[in-house]
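Reader: Could you walk me through this one? I would like to begin with a single position and then move on to the packing.

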Amino acid sequence: MEESQEALNNIENGISNYNKGLGNNKEINGSKTPQNLSASIVRKKSDPILVSNVRFQMLRNILNNLHEVVLGTKLAVLFPAIPLAILADFYHFGRPWIFALSLLGLTPLAERVSFLTEQIAYFTGPTVGGLLNATCGNATEMIIAFFALRQNKIHVVKYSLLGSILSNLLLVLGTSLLFGGLANLKKEQRYDRKQADVNSLLLLLGLLCHMLPLMFRYASGLGNPFAIDTLQLSRTSSIFMIIAYVAYIFFQLKTHRQLFESQEEDEDEDKDGEKAVIGFWSAFSWLVGMTIIIALLSEYVVGTIEAASNSWGISVNFISIILLPIVGNAAEHAGSIIFALKNKLDISLGVALGSASQISMFVVPLSVIVAWIMGIQMDLDFSLLETGSLAFTIIITAFTLQDGTSHYMKGVILFLCYVVIAACFFVDKIPMNETIVGNLGTVNEPSSGILFA
């Protein structure tokens with residue numbers, strides 16, 4: 001009898017310790033976002049034997065960091081494009097070559113920034129880590145936007161950010177649902193609608209803030225497309241959009257955190273996420289260094305985009321809306337599709353909707369406010385064609401996700417919508433009226449088929 005009681009106590013203690021272990025792991029992994037999980041698909045496991053034979057500790061640490069950061073991704077094959085882009089600029093090679101090499105170099109850097117922010121999150125805790133991911137999740141898009149603003153290329157800012165939203169909602173989500181549905185024909189694919197509903201509401205609020213300046217301009221009879229009222233409306237709306245995004249982050253990290261925690265991680269992923277592979281200051285130093293490299297390549301991209309457009313016979317708006325988002329977020333996109341193939345749609349939806357919401361409600365209004373500080377007149381009026389494409393994209397996506405189930409036909413529709421929109425911007429080669437002088441001075445306006453005097 002005593003032996004039975006002792007065995008029962010041992011079992012209870014084991015269950016208690018196991019639950020504590022789960023709680024600790026959950027706390028450690030709490031800062032992981034779907035974007036982190038998606039990007040982890042292209043990472044490679046390190047082999048400590050490669051650097052363990054080095055005699056000096058400092059040299060061993062440096063080699064370990066190089067191995068983890070530079071060689072720890074399957075996209076490492078694209079890293080040579082970075083020095084090639086720098087050499088091409090130094091020796092004044094063709095500007096289209098500089099553009100193409102810079103674009104390729106940004107692809108692994110975007111994934112490595114996600115990896116480094118995840119490493120820092122292990123030391124800062126889940127809340128600070130979540131905030132870091134919320135602000136750095138689309139660092140490449142933000143840096144490109146800021147350099148385009150510095151060169152007064154407002155059309156590049158608007159087009160690239162619009163393209164990121166369209167790409168996430170139609171291309172990423174569409175291909176994920178398509179391949180996930182084909183791979184799971186005999187299974188009913190389900191996902192949690194609560195997270196999708198929150199992101200859909202954010203996207204609709206962002207759409208309203210984009211449509212109001214456009215409707216205000218048309219309601220005023222197109223008399224002055226750059227009226228001070230439209231600019232003030234855009235800046236005011238941008239402030240409220242950022243407030244809404246801050247509320248969303250508080251909602252995600254504090255009050256309703258359980259809605260955004262993925263319960264579908266593999267055991268191997270959980271084991272990999274139990275501890276950091278590099279130290280805090282190493283991760284921080286690498287993050288600063290890679291941010292500087294991203295800034296340099298972004299300057300190359302912005303400075304050579306017109307030359308690439310003229311050389312390739314492709315319009316700037318097509319390059320900005322279609323090519324930049326596809327190349328810049330290739331790692332996240334591939335990870336989203338792979339998780340959908342594994343019937344883990346919550347992660348795939350988190351990647352697509354989370355990135356689109358961050359661009360719409362944080363990066364776009366932040367660009368307007370930064371332009372305001374720089375004395376540049378950027379508003380939320382993305383013109384009729386662009387705003388119409390955004391509106392139909394958000395509405396179609398919201399209808400697609402309304403029932404909490406998925407099949408490959410939904411993916412087909414979303415993907416074809418993206419193809420049609422891409423074809424539209426491919427044939428839209430109306431020259432941009434870059435320097436229109438209005439009552440407020442020289443400003444930039446993206447082409448929408450209507451040029452204002």
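**A serine, then the core**

Author: S406 has its place in strand 2 (residues 405–406), where helices (H or I, at least four residues) and strands (E, at least two) are DSSP runs numbered from the N terminus. This is a predicted model, in which local features need pLDDT of at least 70 and side-chain atom pairs count only at pLDDT 80 or more, while totals for chains, interfaces and linings use all residues. Residues are numbered from 1 along each chain as its sequence is written, and side-chain values use heavy atoms, with hydrogens and water left out.

Reader: Is S406 buried or exposed?

Author: S406 counts as buried because its relative accessibility is 8%; buried means under 20% relative accessible area, exposed over 50%, and partly exposed in between (1.4 Å probe, protein chains only).

Reader: And what is S406 in contact with?

Author: Leaving aside neighbours within four places in sequence, S406 is in contact with L177, Q189, Y191 and L345, contact meaning heavy atoms within 4.5 Å.

Reader: Switching topic, how many residues does the largest nonpolar core have?

Author: The largest nonpolar core has 97 residues, and F99, L116 and L349 have the most contacts inside it; such a core is a set of buried Ala, Val, Leu, Ile, Met, Phe, Trp, Tyr and Cys residues joined through side-chain atoms within 4.5 Å. Helix 9 (residues 154–183) gives the largest share of this core, 14 residues.

Reader: What does L116 touch?

Author: Not counting residues up to four places away in sequence, L116 touches V69, I278, A283, W286, L287 and M290.

Reader: How many aromatic pairs are there?

Author: A search of the whole structure finds nine aromatic pairs, taking rings of Phe, Tyr and Trp (its six-membered ring) with centres within 6.5 Å, and calling planes under 30 degrees apart stacked, over 60 edge-to-face and the rest tilted. One of them joins F99 and W312, whose ring centres are 5.7 Å apart with the planes at 65°, so the pair is edge-to-face.

Reader: Which helices do F99 and W312 lie in?

Author: F99 lies in helix 6 and W312 in helix 13 (residues 280–312), so the pair ties together parts that are 213 residues apart in sequence. F99 counts as buried because its relative accessibility is 0%, whereas W312, at 38%, counts as partly exposed.

Reader: Last one: what sits over the ring of F115?

Author: The charged end of R112 does, 4.3 Å from the ring centre; the criterion is NZ of Lys or CZ of Arg within 6 Å of the ring centre and within 35 degrees of the ring normal.
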